Amino acid sequence: MSEIGSSVTGPSELTMLQAINEALHHEMARDERIVVLGEDVGRNGGVFRATEGLVEKFGEERVVDTPLAEGVIAGAAVGLAMAGLIPVAELQFLGFSYQAMHQIAGQVARLRYRTRSRFEPAITIRSPFGGGVRTPELHSDSLEGQLANIAGLKLVTPATAADAKGLLSSSIRDPDPVVFLEPLRGYRGIRGEVPSGEHLVPLGEARLAREGDDVVVIAWSYQVELACRVADALIDENLSVAVLDLRSLVPLDLAAIASVVDRCGRAVVVEEAVQTGGFAGEVVTTIVEECFWSLESPVVRVSGYDVPYPVGQLEDTYVPSEARIAAAVRRVLEVA
Amino acid sequence: MTRPSDDQLLAVLVDMVAARTQARRLWNLQRQGRIGTVAPIDGHEATVAATAHALDPSQDWILPQYREPLALQRYGPEVLDHYMLYNVGHPDGSRLPESVRVAPLQISLATQIPHAVGLAWGMTLQDEAGVVVVFFGDGSSSEGDFHEAANLAGVLRAPVILLCMNNQWAISTPLHQQTAAASLADRAVGYGINGVTVDGNDAAAVFDAVDEARKRALAGQGPTLIEACVYRLGAHTTADDPTRYVPPEDLEAARRDDPIERLEKHLVELGLWDDEIRSAVETQALSRIDEATDAAEAHPLRAEALMDHCLSVDSPRMARQRLALLSEAEL
Ligand SMILES: Cc1ncc(C[n+]2csc(CCOP(=O)(O)OP(=O)(O)O)c2C)c(N)n1
Ligand SMILES: [Mg+2]
């Protein structure tokens, strides 16, 4: 577990989106083999501007507006990696990763395994996900549980601006394929100090976002933000709530989960996805395997519901809220 | 157009005959339970061997589907050795040496076509000479991946040759139920790329078509879709019974146009081929595949290999699973 990543120069206040953009600029300048590809990533700088300025700086050969076809974006990334390049592909919204899933699950994730490392799939697939911003249908789905069930992929879920930069740089440099999930609500809604220049956060090290002893809320991506607000608010009630930000779901920092749950004895796990088969279930299993005898109360999950992600007027009902997280915290504390 | 020389045609025929001979051996090995399911090459030999001979193995890549390996001798003996490793179920079967520009077989149909376009694109970005040839079937050409990849190849003018082996069947589904298109090569028009149809039983014609497409690609004129018309003379795989659906008269007609007999006739006329040469090629081919089979069966494998090469470094979860596997392997 690490508190902060390594950094070289001083910080500045950025949104998560700006931090992602900074990482892309930094990495492309560092390594000529990096090629950015996706829908509208060049001239338009991405529909959210995550890739802004890249085509101007690095040219149309390295920053490529592809045809509108997710399958061949992921599939061509495999070929680029076979040629020794480092593709950083953008899927415009994670809900449309289904159109690429046969390549992601069947090809990207298996390239190293089936060729016994002849080919090194140093591929990063970035995609925004998650709800709360009133997008059209299929733009908000949280599919990390489905992705975590694909062996051979790493799965990275930053929750802060600094981590977005540091984890993206590490993902691009990682020799394994990484799906890098960016919370839509965090793009402009999360801001913070971000080290400028080189900034790396290792994959697989969770971060203790809030210290606390009574109960720990375990979360990732935007849900960390919500959990921290709850922890801060409950200080007034004399409750000491820890928040563990997993940062990456694969690799999962088993030791960090065990250590904080052993200390607190009570845990809440938060996710935005459909509950059945969601990644929170994996975290709860980990707690049971690692910390069963330290538990003082049953672990509680706060998730989405077992329904498709809904349209706008039902979004706030679906997405875990601060109130639902706070209620879950009180519930695990009620058990004497 | 460059016609292949007589010597080149002779080399192609040697590979074709060896492939046909070895395919028969594969069938028997499968029936004996020594190897898994395989897809016979019968009827596709001219297309595959002539394509390989029109390429430069030191710079051009081949991304196969699953029917081709026996006729890829031009890419080195490692291709057959690894094909046999694959057939006995050894994971090293898909790990060809760095020097061999052949990708492993692809079982998820058409997914290799986007890879080929990406690879060709990547070679261009790095100013590497060479082209990529990707094999796929008529059935595979109905998959989205074919269309997405052909479209992207056109936009990027990637040095790739999309080689569709139209053998009229996708397991039991005949071409007319695969598509209403009169010609598969015509689809090239829709993607702004070059498209040609070639008689896939005519080794010289295939050689020409690939050579021409390769020159265009190297000259920066972009991709070519080649439809090589052949007929699947055998079963789809060792698990298939084609008598359930292939009309016998169609098969009879196709047998009369056997690509091997055709090229033999030509080379006999030139005085370059006779029964004696043929039987020497067959004998040599059999001892070669028997050797490769024995070596594959003797190739060592530890249970722990199950966990290797999934990620560059085991995740904490995998590290525990690896330990568990080692103790469970002793149960
Ligand atoms: C994506 C996918 N769908 C279905 C299958 C099952 N399958 C294996 S071979 C085959 C037919 C392929 O036909 P074609 O592309 O014409 O190649 P051929 O076998 O005739 O050489 C099918 C349906 C598969 N392997 N992959
Ligand atoms: Mg076919």
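Author: Gladly! Chain B is divided into domain 1 (6–300) and domain 2 (303–331). Please keep in mind that this is a predicted model.

Reader: What distance separates the centres of domain 1 and domain 2 of chain B?

Author: The two centres are taken over C-alpha atoms. For domain 1 of chain B and domain 2 of chain B, the separation is 36 Å.

Reader: Is Val288(A) buried, partly exposed or exposed?

Author: Val288(A) lies in helix 11 (residues 279–291) of chain A. With Phe292(A) and Trp293(A), Val288(A) forms a nonpolar patch on the surface. Buried means under 20% relative accessible area and exposed means over 50%. Val288(A) has 39%, so the residue is partly exposed.

Reader: How many residues apart in sequence are the parts that Arg214(B) and Asp60(B) tie together?

Author: Arg214(B) and Asp60(B) form a salt bridge, with their closest N and O atoms 2.6 Å apart. Arg214(B) lies in helix 8 (residues 203–218) of chain B, while Asp60(B) sits in the loop between helix 2 (45–53) and strand 1 (61–63) of chain B, so the parts they tie together are apart in sequence by 154 residues.

Reader: Is Asp176(A) buried or exposed?

Author: Asp176(A) meets Lys154(A) in a salt bridge (2.9 Å, N to O). The relative accessibility of Asp176(A) is 0%, so this residue counts as buried.

Note on methods: Residues are numbered from 1 along each chain as its sequence is written. Chains are lettered from A and ligands numbered from 1 in the order in which they are written. This is a predicted model: local features need pLDDT of at least 70, side-chain atom pairs count only at pLDDT 80 or more; totals for chains, interfaces and linings use all residues. Side-chain values use heavy atoms; hydrogens and water are left out. Patches are made of residues with over 30% relative accessible area and no salt bridge: like charges are joined within 9 Å, nonpolar side chains (Val, Leu, Ile, Met, Phe, Trp, Tyr) within 5 Å. Accessible areas come from the Shrake-Rupley method with a 1.4 Å probe; for residues, only the protein chains shown count as cover. A salt bridge is a side-chain nitrogen of Lys or Arg within 4 Å of a carboxyl oxygen of Asp or Glu. Helices (H or I, at least four residues) and strands (E, at least two) are DSSP runs, numbered from the N terminus. Buried means under 20% relative accessible area, exposed over 50%, partly exposed in between (1.4 Å probe, protein chains only). Domain bounds come from an automatic or database domain assignment.
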